[in-house]
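The following briefing concerns the structure shown below.

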Amino acid sequence: MSPAAQATTKGRRTDRAAAVRTALRSLVAQRGFHGASMAAVAAKAGVATGTAYVHYASKDELVIAAYLESKRDLGEAAAGAAAAARTPGEVFQALWKGIYRHLAANPSEAQFLIQVEGSPYAARAHEAAMAREDDPLMRIAAEPAIARQLEPLPPEVLYEIGLAPALRLAARGTPLSNSDLDRAASAGWRAVSKAR
């Protein structure tokens, strides 16, 4: 097979794997995990069930892969929103608003993340996410200027009281004006920071 044909075949495989992950997120957001069998996911992705299993050995493996992809995309969007911020408070608030805006624009992704966090997959997904060294949110939180300002709590607790409300509001479709976003992000910073 020529190099061009190999690249085309690899591209189709990658596209199919991405379609399977996207279909899973959509179905879980709409129907929960019970409504997202591998057959249903494959049908929604437009591939044969066997093709879904070529990419993911099990539904569990697919859920974790889709979760990690969603968390990566969310982290990159939030970090991008915070790139111009200067002070730790500004960075946190930009992250909060970046999370909300990204997920408000992608509600099925927000609903998928909520479903995972409230499911038996939660511990495994969280462990897999924490094992990644390329998580932009963890990298930012570990920056000394920011870390010194945070309450001495486990990262999971800081996330739950500081940033998770942005996820939950976006998943519910709660509209926030720019001034509401500013106040909510500021409240999140006050909740997790030592500065009062």
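In this predicted model, Arg 25 belongs to helix H1, which covers residues 3-31. Arg 25 is buried, because its relative accessible area of 8% falls under the 20% limit. Beyond its neighbours within four places in sequence, Arg 25 is in contact with Ala 66, Glu 69, Ser 70, Ser 108, Glu 109 and Phe 112.

**Salt bridges**

- The whole structure contains 10 salt bridges.
- One of them joins the side chains of Arg 21 and Glu 69, with an N to O distance of 2.9 Å. Since Arg 21 is in helix H1 and Glu 69 in helix H4, this pair ties together parts 48 residues apart in sequence.
- Arg 21 counts as buried at 14% relative accessibility, and Glu 69 is buried with a relative accessible area of 14%.
- Lys 97 pairs with Asp 182 in a salt bridge whose closest N and O atoms are 2.8 Å apart. Lys 97 lies in helix H5 and Asp 182 in helix H12 (residues 178-192), so the pair ties together parts that are 85 residues apart in sequence.
- Lys 97 is buried, with a relative accessible area of 18%, whereas Asp 182 is partly exposed at 38% relative accessibility.
- A salt bridge also connects Glu 117 and Arg 168, the closest N and O atoms being 3.7 Å apart. This pair links distant parts of the chain, with Glu 117 in helix H6 (residues 107-117) and Arg 168 in helix H11 (residues 164-172), 51 residues apart.
- Glu 117 is partly exposed, with a relative accessible area of 24%, and Arg 168 counts as partly exposed at 27%.

**Surface residues**

- Glu 76, found in helix H4 (residues 59-82), counts as partly exposed at 47% relative accessibility.
- Val 157 is located in helix H10 (residues 155-162) and is partly exposed, with a relative accessible area of 35%.
- Together with Leu 153 and Ile 161, Val 157 forms a nonpolar surface patch with about 210 Å² of accessible area.

**Pocket and cavity**

- The largest pocket holds about 660 Å³ of space. Its lining comprises 28 residues, of which Met 138, Pro 155, Glu 156, Tyr 159 and Leu 163 lie nearest its centre.
- Two or more lining residues of the largest pocket come from each of H4, helix H5 (88-105), helix H7 (122-131), helix H8 (136-142), helix H9 (144-147) and H10.
- The count of cavities of 30 Å³ or more comes to one, and the largest cavity holds about 50 Å³ of space.
- Leu 68, Lys 71, Arg 72, Ala 129, Arg 132, Asp 134, Asp 135 and Pro 136 line the largest cavity. H4 gives the largest share of this lining, three residues.

**The chain as a whole**

- The protein chain has 12 helices and zero strands.
- Its C-alpha trace spans about 60 × 40 × 30 Å along the principal axes.
- Of its 196 residues, 40% count as buried.
- Among contacts between residues at least 6 apart in sequence, 72% join residues at least 24 apart.
- The accessible surface of the protein chain is about 10100 Å², with 55% belonging to carbon and sulfur atoms.

Definitions and conventions: Residues numbered from 1 in each chain as written. Predicted model: local features only at pLDDT ≥ 70, side-chain atom pairs only at ≥ 80, totals over all residues. Heavy atoms only, no water. Helix = DSSP H or I, 4+ residues; strand = E, 2+ residues; numbered from the N terminus. Buried < 20%, exposed > 50% of the residue type's maximum accessible area, 1.4 Å probe, protein only. Contact = heavy atoms within 4.5 Å. Patch = residues over 30% accessible without salt bridge, like charges linked within 9 Å, V, L, I, M, F, W, Y side chains within 5 Å. Areas by Shrake-Rupley, 256 points an atom, 1.4 Å probe, with all protein chains shown as cover. Salt bridge = Lys/Arg side-chain N within 4 Å of Asp/Glu carboxyl O. 1 Å grid on protein atoms, 1.4 Å probe; cavity = no way out; pocket = protein on both sides within 12 Å on 5 of 7 lines; lining within 4 Å. Points joined across faces, edges and corners; volume = space filled by probe spheres on them.
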